Amino acid sequence: MIAIEEVDTLKKENLSLITVVTGEDLGQFSQLKERLMERVGYDKDDLTYSYFDMAEVDYEDAEMDLESLPFFENQKVVIFDNLLDITTSKKAYLDDKALKRFEAYLENPLETTRLIIYAPGKLDGKRRLVKILKRDSRIFEAKPLKEAELKTYFQKLAHKEKLTFDSGAFDALLLKSNYDFSEMLKNIAFLKSYKADGHITTDDISQAIPKTLQDNIFDLTQFVLNGRINEARDLIRDLRLQGEDEIKLIAIMLGQFRMFLQVSLLARQGNNESQIVSRLSDYLGRRVNPYQVRFALRDSRPLSIAFLRLAIKILIETDYAIKTGTYDKDYLFDVAILKIAHERH
């Protein structure tokens, strides 16, 4: 059972003394947070609930409420939001004295208080606070789901929303959503309103779900790599009409080619897909989307290391030339696209 399904089993009466919602998948984190607030029946006007955004309040104010006894019922719920002090984030809101007092509370929490902590990001396992929480609290972590978990969860959600998919349509939706939890959630909601009868075809996915800029740049890269210059020019024209700037287009293309180069180099060193995800995540200091790696491995196979390095060099030089005003940026970008296409064929 994934975290968001576990949260659905909670209610105010069966909360642990301390509950922590954390994780690096921010789309899933926001859903966990929203779902938990619903499950415990949070009402800002109900005095048995107290909410504190730790980015905006002094700990002393929150502490007073945390350590006081409930007036109206046998127990109360206290919520600490944005407690980044227990994550690897560089932001911190509690000073050393406040941290020690909070640690003392966690070591001996009140039986009449149910504390909920929201901490977006990765828990800092080196902190004593985190060690206490891992030992004594119930933790729900928003982490990237495995493909099977993501697919199963959204198939259940689609069924609940009375959506049916033609063969291949659901997989097309996953791909269009980049296997991203929040994108899938948004697109499922859109499809529900888009098709009154709930019957979704592959044409619905391709025509109704709007393309992101990343999708368009991926298409542009594929056009260039496959020598489809006229289609590349048409897409560039459309992006310009939409107000997209060449520097932004170059930045996204650079990101794609760098990913191609990184996964190619790691694959040639004998790393498998999961090892590449792990090593890239360590190198970049953030969790790399496993599906991004999978598609990069697939699309980079026919490309040589020498070509990828040259393509990156061309884009970097073009970016510099645009920013220094050497020539018109439209001209420089078009030339860069032609150079990359020429080197590929």
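Reader: Where does F72 lie?

Author: F72 lies in the loop between α3 (59-66) and β3 (76-81), where helices (H or I, at least four residues) and strands (E, at least two) are DSSP runs numbered from the N terminus. This is a predicted model, in which local features need pLDDT of at least 70 and side-chain atom pairs count only at pLDDT 80 or more, while totals for chains, interfaces and linings use all residues. Residues are numbered from 1 along each chain as its sequence is written, and side-chain values use heavy atoms, with hydrogens and water left out.

Reader: And is F72 buried or exposed?

Author: F72 is exposed, at a relative accessible area of 59%; buried means under 20%, exposed over 50%, and partly exposed in between, with a 1.4 Å probe and protein chains only.

Reader: Which strand does β2 pair with, and in what sense?

Author: β2 pairs with β3 in the parallel sense over 5 bridges, given that two strands pair if DSSP finds at least two bridges between them. Within this pairing, S50 stands opposite V78 in β3. Strand β2 (residues 49-53) has 4 of its 5 residues buried, so it is largely enclosed by the rest of the structure.

Reader: Switching to charges, how many salt bridges does the structure hold?

Author: There are 30 salt bridges in the structure, each being a side-chain nitrogen of Lys or Arg within 4 Å of a carboxyl oxygen of Asp or Glu. One of them joins the side chains of R128 and E107 (2.6 Å, N to O). That pair links distant parts of the chain, with R128 in helix α5 (residues 128-136) and E107 in helix α4 (residues 96-107), 21 residues apart.

Reader: How exposed is R128, and what about E107?

Author: R128 is partly exposed, with a relative accessible area of 46%, and E107 also counts as partly exposed, at 34% relative accessibility.

Reader: What about the side chains of R294 and E273?

Author: The side chains of R294 and E273 meet in a salt bridge (3.0 Å, N to O). R294 lies in helix α14 (residues 290-300) and E273 in helix α13 (residues 273-284), so this pair ties together parts that are 21 residues apart in sequence. Elsewhere, salt bridges that share partners join E103, E107, R128, R135 and D136 into one network.

Reader: Last one: how many helices and strands does the protein chain have?

Author: The protein chain has 16 helices and 7 strands, and its C-alpha trace spans about 75 × 50 × 40 Å along the principal axes.
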